[in-house]
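Subject: Structure for your review

Hello,

Here is the structure we talked about passing on. My notes on what was found follow below it.

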Amino acid sequence: KEAEDILHTNMSLAMDDRSHFLLAITYEYQEKIWEAKEEYLAFIKQFPNSDYKVTALIKSRMLGRH
C-alpha cells in the first residue's frame, strides 16, 4: 500500500511511463487484478512507444484470463 501511495504522489508530479508501469505491477502484487489490468491497458494507450509496452501487453492479456 505504501508503494502505491508513493507512486500516486509521484504520478501527480510527473506523468512518466515507468511510474504507470510500476503502479500496475504494484496492483498486481496486491492481487488487485482488475486495477492492474486496467492500469496496464491505460499505460499501453498513453505510452505507445514505451520500452515497457510489450511487457504490459503480455501482462494485460495474462490478467484478462482471470
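The contact between helices H3 and H4 is made on the H3 side by Ile-33, Ala-36, Lys-37, Tyr-40, Leu-41, Phe-43 and Ile-44, and on the H4 side by Lys-53, Ala-56, Leu-57, Lys-59, Ser-60, Leu-63 and Gly-64. By class, the residues of this contact are nine nonpolar, two polar and three charged. Please keep in mind that the model is predicted.

Two packed helices are described by the angle between their axes and the distance between the axes. Here H3 covers residues 33-46 and H4 covers residues 53-64; the angle is about 145° and the axes lie 9 Å apart. The crossing of the two is left-handed.

One residue of that contact can be followed in detail. Ile-44 belongs to helix H3. For Leu-57, which is 13 residues away from Ile-44 along the chain, the C-alpha to C-alpha separation is 7.2 Å. Is Ile-44 buried or exposed? Ile-44 is buried, because its relative accessibility is 13% and the cut-off for buried is under 20%.

Next, the charged side chains. Side chains of opposite charge can pair when their charged atoms come close. The structure contains one salt bridge. It joins the side chains of Lys-59 and Glu-28, with an N to O distance of 3.2 Å. Lys-59 is in helix H4 and Glu-28 is in helix H2 (residues 17-29), so the pair, 31 residues apart, links distant parts of the chain. Lys-59 is also one of the H4 residues that meet H3. How do the two partners stand in terms of accessibility? Lys-59 counts as partly exposed because its relative accessibility is 24%, and Glu-28 counts as partly exposed because its value is 21%.

Finally, the protein as a whole. The secondary structure amounts to four helices and zero strands, in the order α-α-α-α along the sequence. The protein has 66 residues, of which 32% count as buried. Among contacts with a separation of 6 or more, 38% are between residues 24 or more positions apart.

Regards

Technical notes. Residues numbered from 1 in each chain as written. Predicted model: local features only at pLDDT ≥ 70, side-chain atom pairs only at ≥ 80, totals over all residues. Heavy atoms only, no water. Axes fitted to C-alpha atoms, helices over the stretch in contact; angles between N-to-C directions. Left-handed = near helix turned anticlockwise from the far one by under 90°. Contact = heavy atoms within 4.5 Å. Nonpolar A, V, L, I, M, F, W, Y, C, P; charged D, E, K, R; others polar. Buried < 20%, exposed > 50% of the residue type's maximum accessible area, 1.4 Å probe, protein only. Salt bridge = Lys/Arg side-chain N within 4 Å of Asp/Glu carboxyl O.
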